[in-house]
Amino acid sequence: MATPVGRIEKEFLFKAIYDERLPVMYIKDGNEYAFTLECPAGEELIFNSDKPLAKIKNNSRLPLLFNYRGQVIDFTIDILTVKDDSITCKIPDILYKNLDRNFLRVGAPSDMKILFTFCGDRYNLAFPRVMEYEQITNEDMARNMDPHNLSGLMKQIKSLLSKFADGYRIINFKDKKPETTEERIVSETGKALFIPSTADFIPKVDPYPKKRIITEELFKRYLESTGIGTIYLDDNCARFLKYKFDNGIYSDAWVPILFHEYVIGYIHIWIDKQGRLPFDFSVLDHVYQYAKILAFALKENGYFEHGKVENEPFAGRVLDISASGLLFACPLGTVLLSTILIDSELTVIIETPNRTINVIAKIVRRFKDKSAGYFGCRFMNIEPEDTRFLFEHLYGRQIDAADTAFLAGQV
């Protein structure tokens, strides 16, 4: 995964670019430019190009890349002025290393048109919304469960919950808005509040690759957001657990029911009999699976149909593109900003004079500044011949043996 470079390392790298005359690469419309730093880096950078820069304008942004002793590093510059073969720009805030890609992102060629459409259905629902996307498919269903028999499915799930919990509840936020601390933190984070033992502590580490539990640190951040002072956080955590223990709850879990970017409710399970084994992560895995089954069954029974919205193509402002992904932007204030989430999938149509490419892209990165939201996509199912064409169209050269890592799908 791309890692931001620290301040001291950034200063060192720009010093190396100047001292060692390292070429900084930029590609546009199949033309490759090599920039060299004219003077030591300050608040501004002055680059000289090895060829004229007729098509580069003031106030534009350029994605650049350089290689420092085998480490590929990239960054984006905001141009202040262009004169002949010289560029003056602001020093970038962030440099990235440990890239998952081996090739320079380039500005979208002038003869390329790119349109996006959301994959599958989209919804506008009156449930708490989180900033991650949960894909719900038929594959989540167990073989012996019928998603179209909702009442029968609920009985099956309740029977399964009773095998490892003394008590359980399944709550729909349509009928009950989040009120308690547990409900609010689950609905605001989209993660499970998992307390194996109320006599101990909230887990400090989330073991899941795609984070799904509320750690002690996250719980304290939530308490802070409610106005509790930093010096009182440990005491409040202890009292929160003690209250449960004193009221006979010895193991506790609140698992969100997620549908797309919405928290539509939760499953609450607990142990109130002393001597029984506490919940472990295998129990949590089972309850998460039941929550996914419930969400899919609700969809199949038309529960969300009233909130379905028309899925029309849109044209994001493409900032840069490689043969395995792209970065685009949408202005702040647009509805799209709240619906394009990590793990969302988009259908991307890339039109050029000689070829039209249809590809699925997954959102792998999102961030924003004062003017726009930015979304990094990875192409998921691009055909080899489309990869080859896109590579040659972007970089102005044919793929050779040195590019095999790229063909393996790196972004």
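1. Start with the largest nonpolar core. It has 59 residues, and Phe164, Phe219, Ile267, Ile269 and Phe279 touch the most other members. At least two residues of this core come from each of α2 (150–161), α3 (181–189), β13 (193–195), α4 (216–225), α5 (233–246), β14 (251–271) and α6 (281–300). Strand β14 gives the largest share, 13 residues. Note that the model is predicted.

2. Which residues does Ile269 contact, leaving aside neighbours within four places in sequence? They are Leu161, Phe164, Ala165, Gly167, Tyr168, Ser251, Asp252, Ala253, Phe279, Val283 and Val287.

3. There is also a second, separate core. It holds 33 residues, including Ile114, Phe314, Ile340 and Val348. In soluble globular proteins, nonpolar side chains tend to be buried together.

4. Look next at Asp166. It sits in the loop between α2 and β12 (167–172). Its relative accessibility is 22%, so Asp166 counts as partly exposed. Beyond neighbours within four places in sequence, Asp166 contacts Trp270, Ile271, Asp272, Lys273 and Arg276. A polar atom of the Asp166 side chain lies 2.8 Å from the backbone nitrogen of Asp272. Asp19 is 147 residues from Asp166 along the chain, and their C-alpha atoms are 69 Å apart.

5. Now the charged pairs. The structure has 26 salt bridges. One of them joins Asp343 and Lys210, with the closest N and O atoms 3.1 Å apart. Asp343 is in the loop between α7 (336–339) and β18 (345–351), and Lys210 is in the loop between β13 and α4, so this pair ties together parts 133 residues apart in sequence. Asp343 is partly exposed, with a relative accessible area of 22%. Lys210 is partly exposed too, at 38% relative accessibility.

6. Asp285 and Arg212 form another salt bridge, with the closest N and O atoms 3.6 Å apart. Asp285 belongs to helix α6 and Arg212 to the loop between β13 and α4, so the pair links parts 73 residues apart in sequence. Asp285 is partly exposed, with a relative accessible area of 35%. Arg212 is partly exposed at 24% relative accessibility.

7. Are Lys244 and Asp252 buried or exposed? Both are buried. Their side chains meet in a salt bridge, 2.7 Å from N to O.

Note on methods. Residues numbered from 1 in each chain as written. Predicted model: local features only at pLDDT ≥ 70, side-chain atom pairs only at ≥ 80, totals over all residues. Heavy atoms only, no water. Core = buried A, V, L, I, M, F, W, Y, C linked by side-chain atoms within 4.5 Å. Buried < 20%, exposed > 50% of the residue type's maximum accessible area, 1.4 Å probe, protein only. Helix = DSSP H or I, 4+ residues; strand = E, 2+ residues; numbered from the N terminus. Contact = heavy atoms within 4.5 Å. Polar contact = N/O pair within 3.5 Å; in protein donor to acceptor, adjacent residues only side chain to side chain. Salt bridge = Lys/Arg side-chain N within 4 Å of Asp/Glu carboxyl O.
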